[in-house]
There are 2 protein chains.
Amino acid sequence: MSNFLESLYSQATFNLKPSPIREMLHLIRRPGMISFAGGMPDPEIFPVEQFKEAAGILDREGKDVLQYGTTEGYLPLKEFLAEWTAPKMGRKLATDEILITTGSTQIVDLLSWVLIDKGDWVICEEPTFLGATLTMRNHGASFLTVPCDENGMKVDMIPEMVEKARKEGKKVKFIYTIVNFHNPLGCDLSLERRKKLIEIAEKYNLLILEDDPYGYVRFDGEEIPSIFSMDTSGRVVFACSFSKILAPGTRVAWCAGNKEVIRKMTVFKQGVDVCTSVVAQAMVYEYCRLGHLDSFLPKIIDHYRKKRDAMEEAFRKYLPQGEVKWLTPRGGFFYWLETPKVKAKDLFEKAVEKKVAFVLGEPFFPNGGGEHNFRMCFTFASKEQTEEGISRLGEALRELL
Amino acid sequence: MSNFLESLYSQATFNLKPSPIREMLHLIRRPGMISFAGGMPDPEIFPVEQFKEAAGILDREGKDVLQYGTTEGYLPLKEFLAEWTAPKMGRKLATDEILITTGSTQIVDLLSWVLIDKGDWVICEEPTFLGATLTMRNHGASFLTVPCDENGMKVDMIPEMVEKARKEGKKVKFIYTIVNFHNPLGCDLSLERRKKLIEIAEKYNLLILEDDPYGYVRFDGEEIPSIFSMDTSGRVVFACSFSKILAPGTRVAWCAGNKEVIRKMTVFKQGVDVCTSVVAQAMVYEYCRLGHLDSFLPKIIDHYRKKRDAMEEAFRKYLPQGEVKWLTPRGGFFYWLETPKVKAKDLFEKAVEKKVAFVLGEPFFPNGGGEHNFRMCFTFASKEQTEEGISRLGEALRELL
C-alpha cells in the first residue's frame, strides 16, 4: 500500500475483500484448466443471432436509445416485465413497482443504501451467495446466519435469533434469501417455509430481499409461489435478472417491491449510475418483444437439464462412493458438495494441480464454516469437459483419502 | 412515509435528496415546453446508423460479448482508450491504470467508496456539478467550496482552507474539479492554476478527481494540458465518458489513475455492479475501431459550436441589456447566467408559465448560494426552440424588472 494513500482511505477500503470468484479468473484462464468455478452460462446457448436482430431497435428508436434514460428504467421493458412476470408475482405489477438495474448485484447495493447503517444486521442463509454478502458488508452489515436443510433455511430459528439480537441492541433490518435453486446449496425454500417467513417478517418488522436469479430455469418439480406473491403489506423486494435467462453480458436486471422502497432505491440509483445502459435495456426489450425470450427459455432449460444430468452421472462414475455428499438441484446452476473426510482446501490444491477448478465453500459462510464444502457450476463446461474434469476431481480426492 | 419502513431506513435514506435535474423530467415533458435544463446531447447528431453497424461485433465476438465481463472493463476498449487518450494523458496509459465504468457518476461513487468515511471533507468548486456532490453526500461527505472566476477555482485559497479545516479536526480527502467548460460555470481551469493545484495536492496529501466529460468538445482556444499529465506521484484520478462524444445511452465511461487506487475502485465495483454492460462496451469499442469516433467528433464540435453561437445571439437579441451576465464558454454544454436584480426562483416560475425551463443555480452550491444564477444547456434544443425559448425568457425577465 502506498504510504500517502494509507491516510486517505476509508474504513470500507481497509475492510475491503475482493470476491474470491472474480479473483479466480487468472487461475481459470490457465491453459488446459477445466473450471466449474464461476456461475457462468454456457456461451454455446447464447442466442447471438437473435440478440443481434434486436439491435434493429436502433432503426426505430435510435435517438431515444442513445439518449439518457430515466433512472427508473426503459419504460417499454418495464411494461413487458409487468406482464411477463405476472404469473410469478401473483398479479400484474404497476410500472412504478419495478426498477431496472445494472445487474442484480446493483439491487443488493441499492437496497443496502436504503436500509443499512454501519453495524446493522441482515439475516441470511448459511451458506449464502458470497457476492451479496460482500456488497452488504461494504455497507457495514453483519450477518445472522440461519442453517439450511434440503427445504432451505430453517425459518423456525429466526424468531429466537431476532429476539436475542434485539435484546443485545442489534438493529436487524432484513432477511436475504435465495428462494429457488439456492446459490450455492441448490435447494428450494419450501412453500410452507415461505409462508412462515412472511409471517416472521410481519411480526418482527423486517423486509425480505427475495433473490431469484434462477427461478425461471427449473428442470423438475412444480413451481413454488414467490414470497412476493404472498406479501400483503409491501415487505418483499423481489430480484431477478436477464443474466441467466438471456445473457449476463447485457447487465440488465430488475426488482419489484413496495413503491416507496422502489422510489428510495431509484433516488440512490441517481447517485450510483444515473440509469442502466439504455442501449442494453432497449436491445433486451426488443429481444423480448420479438418473442425470443419465450422461445429460447425452454431450450435453455433443456440444455441445462442435460448438463446437470451429465454432471450427476460423472459424479456417480468418478467420485469415490460414500466419500462425497450432494443434493440434486431441480434447476439453476450449481451442485454443492461435501467431503466429510477431506478439507475442501486440500482438495482444491490437488485439483488445481490436475487442472480442474471449483469454488471453496468457506467464502459462502459469512460467519465461518464450510471447510468441507465446495460449489460446482454445471452450466458452463462442455459435456466432455465435465466428464474429464470430474474424473480428475475423483483422482484428486482419492489421493487424499 | 409508511410507518413500518421508518424504523428500517438507513441514515442515508433520511438524508437522501433527489437530483433536482432528474426530478424536473415531468415538468420538461409538458406539451410545448422548451427545455434548457438537462445537460443532454442533441439526438439529431447521434450517429445512429454507425452505432447500429457496431452491433456487428456480435457476429465476431458474440459469445464473449454476451458472457460476464471482467470488472476492470472490456480489454479491447481499454487498449483503444490507452492509445486514443495518450495526447491528453501525456503518455500511453497501461490498461491496469484504466477502469471502465457504468457512466461517470459511477466513478464518483467508486472513488467515494475508496476515500470517504461519513464526516470526511471534499474540496470543490463553488458552484459545482450537483450530480457529483449528491453522490458524495450519500457517502457522508461535506464540502469545502472554493469560489471561482473566469479562470476556474481560485486555488490560492485552498491551503488556508485545508489548514483551518485540519486544525478543526476535519479529514480532508480530495479535490473535485471539473477542468474544462465547467458544469455549470462554462469556464476552464487555467494552466497556471492546474499546476498550482497539483502542488497543493502534494503539499497537503490530497487526491484530485479531475472530471473532464466535456474536454473533447472544445470550440475555441487551445487545449490546456490535463492535471493528470502533470502528476508525477499518482494523485490524480482522471474521469471521462462517452456520453458527450458518442451518446449517453451507452452508459460507458472510464477513469485513469494510480494503479492501486484503480484496483481498490475495481474491487468496490465488484460489489456495485460486477461489470459494466459488455454489450454496451463492445459496441462502443467497435464504433471506435471502425473509426467513427474520430470522424464524428469534429461534426459534434461543429454542431455544438453553432448551437452555442445561436444561444449567444438569442441572448443578445432577447434578454434586456445589462440585466443578465454570462461568460461565453469555449466548449461543453452550458451557459451560466446571473440576474443581479431578479431571483432565479422568481424567474423560473414566470418562465415555466411561458413554457420555458432551465436549472436553478442553488443546487449547484453545496453550502448555499446562487440565488441569482441559473444554468442553460445549449446543446439539446433546436435552433428554432432556442430562439423561441430565449425570447420567452426575455419576456419573463422583463415582467420581473
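**Notes on the two domains of chain A**

1. The centres of domain 1 and domain 2 of chain A sit 24 Å apart, taken over C-alpha atoms. Domain 1 covers 10–46 + 294–400 and domain 2 covers 48–291, with bounds that come from an automatic or database domain assignment.

2. A quick word on what you're looking at: this is a predicted model, where local features need pLDDT of at least 70 and side-chain atom pairs count only at pLDDT 80 or more, while totals for chains, interfaces and linings use all residues. Residues are numbered from 1 along each chain as its sequence is written, chains are lettered from A and ligands numbered from 1 in the order in which they are written, and side-chain values use heavy atoms, with hydrogens and water left out.

3. On to the interface. Contact (heavy atoms within 4.5 Å) links 36 residues of domain 1 with 38 residues of domain 2. The two domains bury about 3,300 Å² between them, 63% of it on carbon and sulfur atoms; buried area is the accessible area (1.4 Å probe) that two parts lose on being put together, summed over both.

4. The rule finds 2 salt bridges across this interface, each a side-chain nitrogen of Lys or Arg within 4 Å of a carboxyl oxygen of Asp or Glu. A:Arg330 forms a salt bridge with A:Asp188, and their closest N and O atoms are 3.2 Å apart.

5. Which element gives the most to the side of domain 1 that touches domain 2? That's H16(A), with 9 residues; helices here are DSSP runs (H or I, at least four residues), numbered from the N terminus.

Note on methods: Helix = DSSP H or I, 4+ residues; strand = E, 2+ residues; numbered from the N terminus.
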